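Subject: Structure handed over, with notes on helix packing and the interface

Dear colleague,

Please find the structure below, together with its sequence, so that you can follow the notes with both in view.

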Amino acid sequence: MLLEVASLKAFYGASQALFNVDLTVSEGEVVALMGRNGMGKTTTIRAVCNLTPPRGGSVRLAGTDLRGRRPHHVARLGIGLVPEGRRCFPNLTVEENLVAAARSGAWTLERVNTLFPRLKERRDQMALSLSGGEQQMLAIGRALMTNPRLLILDEATEGLAPVIRQDIWAAIRTLKQDGLSILVVDKTLPELLPVADRCTILENGRSVWTGRPAELDKTLQDRFLGI
Amino acid sequence: MTLSRETLINLILIVLLAAVPFVALGIGQPFYITLATRIAILALAAVGLNLVLGLGGLVSFGHAAFFGIGGYVAGILAAHASSGEALMFGLAGSDQMPVIWLVTLIVCGIVGLAIGAVSLRTSGVYFIMITLAFSQMIYYFAVSWPAYGGEDGLSILVRNRFPGVNSMKPISYFLICLGMLIAGLGLFSLIRASRFGAALQAARQNAVRVAAVGISPYPIRLAAFTLSGMITGVAGALYADLNRFASPSMISWHMSGELIVLIVLGGTGRLFGPVAGAMLYVVFEFALGGLTERWQFFLGLILLAVVLFARGGLLGLLAGKARHG
């Protein structure tokens, strides 16, 4: 098992956001983390990366305990995070954004440019001048440059134009074919479910259902994901 | 390859600065050589600060400490060289600039590492205050150290030597300082283009995000702070040799403020920001200082105008927003 999260608990100040989250991602697997807004998806991701240090439960990456490690250490151990809202470094060029994160491995500038040819065209532009879709490509590219064992995408296609979404999904499918393990959060089920090998649903800070996408029937969708 | 507007302006600035002493000699006004030398030295000091302030976004209000340490290293080594007395641990003094610069780099490196290691654990206003506190500590230490002049400062009887050059000739000394400035600018642009430079700037823009891609901001900032102090220190050594005098005023907080003002005037984070700023500052000081004793009042007005209307400084005004050049 690559990522093993058990009984995870997390707080923002005094208010508890996660009560009991169990989540696993195996090598080469794509897992969708689902749930309505405010149910704890982003908090789970933040807790895994130790950006919001968890106060209970365990987080292991390939057997290594991640709890209590600094965020940069967690990233070095092999978690590449594409945060919600992209968060590129606005006043660095596209290439500087990528190079700043680089660690040696299979993913290089050339390979990222092959995955996202747009980034190559825009290499000398400031990240702040990119469109939302291009920034998302850059954020994914930046995470890949760290040569992660597990890629985490929070709201992979939120707020992007439909055409751009297709490009992002195509890239995610390519990454899956390459055998990368991915944990992905997104709300567009028609695109998400075919990519995912497994789904975990959160409700009120608890993982309430885990199964294969085919098992996620209309009743379950209405109960846990409907608005 | 086409030159960007900023690169062109940079070239014009450096050619302008380099031309001043020759024009000064031509019109028989050698005083202007000293002015140009002062510009080159202050620009070098600000290039050092620009590394942490411009790239790292860390407002160090204590860089005068490094400037002063550089000055005192030059003064103390020269004093021991002329008196023949041994320095601590039986080491001899020296009147050779390369030796003085090397010692300055080592001393400022150690001091920078120590100050940085403590200061960088804070941020924002606390960082400003703690760097100020450290430089004031060094200031008062210099004031109360009678062996090297105390409050009166330390005179350098004969300007230190540079192999193969008569450093007493103003134009030769100017060229030495210009050479050091160009070396400093080269180092700055190398750093900015490197992965280290990208990470330093990224840490300014979003420290949490930098950690999330596996880079710890602290050691990067510490390295930048140390390097920055070393560069400013060498400028201090040059400054002491220019005036043949090292004084506590080089370490006073006015000096730290002056360096920040230079950078803001010229353009924060830009390669030639410090050069443009130092030119503006020294020319103002000279031109306005000739008209009124209260020239700093007018400098204040200009600074206010820059901050309000030209956030990119002089270079931002001339070359536009894009940072690269």
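In chain B of this predicted model, the axes of helix α7 (residues 195-205) and helix α9 come within 10 Å, and they cross at roughly 115°. Angles from 65 to 115 degrees count as roughly perpendicular, and α7(B) and α9(B) are therefore described as roughly perpendicular to each other. The crossing of these two helices, α7(B) and α9(B), is left-handed. On the side of α7(B) the contact is made by B:Phe196, B:Ala199, B:Leu200, B:Ala203 and B:Arg204, while α9(B) contributes B:Pro217, B:Ile220, B:Arg221, B:Ala223 and B:Ala224. Sorted by class, the residues in this contact of α7(B) with α9(B) are 8 nonpolar and 2 charged, with no polar ones.

Helix α9 of chain B, which spans residues 217-243, also packs with helix α2 (residues 31-55) of chain B, and here the two axes come within 6 Å and cross at roughly 165°. Angles over 145 degrees count as roughly antiparallel, and α2(B) and α9(B) are therefore placed in that class, roughly antiparallel to each other. As α2(B) passes α9(B), the crossing is left-handed. The residues of α2(B) that take part include B:Thr34, B:Arg38, B:Leu42 and B:Leu49, and among those they meet in α9(B) are B:Phe225, B:Ile231, B:Leu238 and B:Tyr239. By class, the contact of α2(B) with α9(B) holds 16 nonpolar, 5 polar and 1 charged residues.

A further pair in chain B is helix α10 (residues 253-266) and helix α11 (residues 273-291), whose axes come within 7 Å and cross at roughly 110°. The helices α10(B) and α11(B) are therefore roughly perpendicular to each other. From α10(B) the contact includes B:Glu258, B:Val261 and B:Leu265, and from α11(B) it includes B:Ala276, B:Leu280 and B:Tyr281. The classes for the contact of α10(B) with α11(B) are 7 nonpolar, 3 polar and 1 charged residues.

Turning to the two chains together, 23 residues of chain A are in contact with 20 residues of chain B. Between them, chain A and chain B bury about 1800 Å², of which 61% lies on carbon and sulfur atoms. Within chain A, the residues that lose the most area to chain B are A:His72, A:Phe89 and A:Ala100, which together make up 27% of what that side buries.

How many salt bridges does the rule find across the interface of chain A and chain B? The count there is 0, whereas a search of the whole structure finds 13 salt bridges over all chains. One to look at is in chain A, where the side chains of A:Arg123 and A:Glu95 meet in a salt bridge at 3.0 Å, N to O. This pair links distant parts of the chain, 28 residues apart, with A:Arg123 in the loop between α5 (117-121) and α6 (132-145) of chain A and A:Glu95 in helix α3 (residues 94-101) of chain A.

With best wishes

Technical notes
Residues are numbered from 1 along each chain as its sequence is written. Chains are lettered from A and ligands numbered from 1 in the order in which they are written. This is a predicted model: local features need pLDDT of at least 70, side-chain atom pairs count only at pLDDT 80 or more; totals for chains, interfaces and linings use all residues. Side-chain values use heavy atoms; hydrogens and water are left out. Axes are lines fitted to C-alpha atoms, for helices over the stretch in contact, and angles run from 0 to 180 degrees between N-to-C directions. Helices (H or I, at least four residues) and strands (E, at least two) are DSSP runs, numbered from the N terminus. Angles under 35 degrees count as roughly parallel, over 145 as roughly antiparallel, 65 to 115 as roughly perpendicular and the rest as oblique. A crossing is left-handed if the near helix is turned anticlockwise from the far one by less than a right angle, and right-handed if clockwise. Contact means heavy atoms within 4.5 Å. Ala, Val, Leu, Ile, Met, Phe, Trp, Tyr, Cys and Pro count as nonpolar, Asp, Glu, Lys and Arg as charged, and the others, Gly among them, as polar. Buried area is the accessible area (1.4 Å probe) that two parts lose on being put together, summed over both. A salt bridge is a side-chain nitrogen of Lys or Arg within 4 Å of a carboxyl oxygen of Asp or Glu.
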